[in-house]
Amino acid sequence: MQYVNTNGAKIPAIGFGTFELEPADAEKMVQHALDVGYRHIDTAQMYKNEEAVGRGIKNSGVAREDIFLTTKIWTDRYADGDLQTSVQESLDRLGTDYVDLILLHWPNPDISLKETLGALNDVQEKGLARHIGISNFTKALIHEAVETSGKPLVTNQVEYHPYLDQKPVLDALSETGMAMTAYCPLARGEVFKDPTLERIGRQHGKNAGQVALRWLIQQGNIIAVPRSSNPDHATSNFNVFDFELTEAQMSQISTLNSPEGRMINPSFAPNWDTAA
Ligand SMILES: NC(=O)c1ccc[n+]([C@@H]2O[C@H](COP(=O)([O-])OP(=O)(O)OC[C@H]3O[C@@H](n4cnc5c(N)ncnc54)[C@H](OP(=O)(O)O)[C@@H]3O)[C@@H](O)[C@H]2O)c1
């Protein structure tokens, strides 16, 4: 296992994503992921599977303190007071006293960052979350959040895979000492059709998905949270610590991005940074 150390947090570089997993699948797959060695699980209030994730953790028999558990607060719970209540509700559903990391799921321009980050700081002070962070924040919003939050923010979880250039966000994170958590790290399955990634994989005895995940975590300071409903796929996605891409292969994968590469872009998304 490889870890990313960021602002006091030690985060396993590969986590198991649970977006769109129905409760039965989430429970089964979280247990499977923990059985094969994952120690980082990513869920959210919005995924409606926190209870199932909690059951998967319990069923696995892995000690709670050995698991890095992340959830995310939905944007309609950002007001001071309500945010803290929503976190307690998440903990109750997950069956735990704390999460390792709690994220603001998306920016919400209707509530000031000062209020929301104040409430998020309070959650950490109360011991409900070991670490706090953000998700889907742009370069300008990252800087605003870091300046506003009294306590350090450890990561910004954003879409990142070979088809999307995230240089402006990566620059802002390195300027502020934060890590990136890459969501949709397999480009929602698209990487498995990619001849370049397949060819590079053949040189290492790996598949295209393992190459895409390795490309992410080998950049350093990046955590990836692939999701799968298939046990063999989840096992495969974890087997990325026993090979290394060459510098030439890393650079080649970095040329695969395109301006149309973004896959998650809801109507409430912020004005994304555009790469130079
Ligand atoms: N913060 C946010 O706003 C946000 C937004 C989106 C996602 N996320 C997080 O990021 C996680 C990952 O993103 P994602 O779920 O959208 O997409 P993803 O992990 O990039 O891709 C998942 C897709 O890839 C397929 N897949 C996975 N492993 C495979 C393998 N080894 N071989 C073949 N196909 C494979 C899966 O199908 P099978 O099920 O058949 O394996 C599924 O269709 C989410 O689960 C969530 O935790 C966060």
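**Figure 1. Ala212 and its contacts in the predicted model.** Leaving out residues up to four places away in sequence, Ala212 touches His161, Pro162, Pro185, Leu186, Val191 and Leu197 (contact: C-beta atoms, placed from the backbone, within 7 Å). Residues are numbered from 1 along each chain as its sequence is written. Because this is a predicted model, local features need pLDDT of at least 70 and side-chain atom pairs count only at pLDDT 80 or more, while totals for chains, interfaces and linings use all residues.

**Figure 2. The largest nonpolar core.** Helix α8 (residues 208–218) gives the largest share, 6 residues (helices are DSSP runs of H or I, at least four residues, and strands are runs of E, at least two, numbered from the N terminus).

**Figure 3. The buried face of helix α5.** In α5 (residues 139–148), the buried residues are Leu141, Ile142, Ala145 and Val146. Seen down the helix axis, they fall within an arc of 135° (taken from the directions from the axis to the C-beta atoms), so they line one face of α5. Their packing partners are α4 (113–125), β7 (129–135), β8 (153–159) and α6 (167–176).

Methods. Core = buried A, V, L, I, M, F, W, Y, C linked by C-beta atoms within 7 Å. Buried ≥ 20, exposed ≤ 12 C-beta atoms within 10 Å, placed from the backbone. Contact = placed C-beta atoms within 7 Å.
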